[in-house]
Amino acid sequence: MDNNVKHKPIVGCMRWGVWGANFSTAQYDTLISQCIEIGLDIFDHADIYGHYTTEADFGKALQQNKGLRNKIKLITKTGIQMITQNRPLHQIKSYNTSAEHIIQSVDQSLQNFHTDYIDTLLIHRPDLLMNAEAIAETVDQLKTSGKILHFGVSNFTTSQVALLSKYVKVEQHQIEISITNMEAFDNGVLDQCQINNIQAQAWSPWGNNLFTERTEKNDRILIVANELAESYHTGVNEILLAFLYAHPANISPVIGTTQFERIIQAKEAMEINLSREDFYKLWEASAGKEVA
């Protein structure tokens, strides 16, 4: 893994549909095209987004503008069964990583996106009944058939990744990492990503409720972030992502905004080389204490 190369941001689509902006097909097309124009071509989905509707909404834009599909990479996730009118047979929110469910989910995603393949399939949450060997066989079947190109996980522990890795190559791991949730720095997840050459992807990379909740911790973080933004002649959003980019695991932030201006900020943050001391200033602000 090249520690000098920063992985570019991934465009998160969870809030593009009915869970957020509720974009029209034309708005999907516009934002997809804008992202491509600035070099961001990876779009992150999950089958459950928008109560199982956002993939299909995104897919309408791909269907209408045939040139888009070959310019982008699609990540989607499977494994969560939600209670929703769109899945009336689901009796309880649960996890399902059975071969039948994974294959059915992938086939549905292919139909939603009007495509022949998914670039990366992630298991969305670790299933308590997960059979790692059976998942590996299913992933191998999907790769052999060309339905998926890459495989990874989301929100797994290091031991769960190790178990799955015994049978199948885990190529990506998407987990919450931010200035407000720094657990991955200490719990071995980012160490494991570097050891096993797994791409680390951070969801909620700007921090959970950092700008919407006034707490002592959030106030500490924002004071330091504003000071650093002034020092680096940039914005607070860029500094918060530079904090992640500084880590040698080459973290790719999954940018969950529907505002193109903030997506641009995520791209521009790659140009900031945060010093070690400035990284630790932010770490200390979040932790509320100096390092041991």
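Helix axes are taken here as lines fitted to C-alpha atoms over the stretch in contact, with angles running from 0 to 180 degrees between N-to-C directions, and helices (H or I, at least four residues) and strands (E, at least two) are DSSP runs numbered from the N terminus. This is a predicted model, in which local features need pLDDT of at least 70 and side-chain atom pairs count only at pLDDT 80 or more, while totals for chains, interfaces and linings use all residues. Residues are numbered from 1 along each chain as its sequence is written, and side-chain values use heavy atoms, with hydrogens and water left out.

The axes of helix 9 (residues 216–231) and helix 12 (residues 276–287) come within 7 Å and cross at roughly 160°. Helix 9 is therefore roughly antiparallel to helix 12, a term for angles over 145 degrees. Contact, meaning heavy atoms within 4.5 Å, is made by Lys217, Arg220, Ile221, Val224, Ala225 and Leu228 of helix 9 and by Asp278, Lys281, Leu282, Ala285, Ser286 and Ala287 of helix 12.

Helix 3 (residues 54–64) and helix 4 (residues 99–113) also have axes that come within 7 Å, and these cross at roughly 40°. Helix 3 contributes Glu55, Ala56, Phe58, Gly59 and Leu62 to the contact, and helix 4 contributes Ser109, Asn112 and Phe113.

Turning to charged pairs, a salt bridge is a side-chain nitrogen of Lys or Arg within 4 Å of a carboxyl oxygen of Asp or Glu, and by this rule there are ten salt bridges. One of them joins aspartate 44 and lysine 77, at 2.8 Å from N to O, and this pair links distant parts of the chain, with aspartate 44 in strand 2 (residues 42–44) and lysine 77 in strand 3 (residues 73–78), 33 residues apart. Aspartate 44, at 2% relative accessibility, counts as buried, as does lysine 77 at 1%, where buried means under 20% relative accessible area, exposed over 50% and partly exposed in between, with a 1.4 Å probe and protein chains only.

Because they are four residues apart in helix 9, arginine 220 and glutamate 216 are separated by about one helical turn. Arginine 220 is partly exposed at 27%, whereas glutamate 216 is exposed at 62%.

Methods
Angles under 35 degrees count as roughly parallel, over 145 as roughly antiparallel, 65 to 115 as roughly perpendicular and the rest as oblique.
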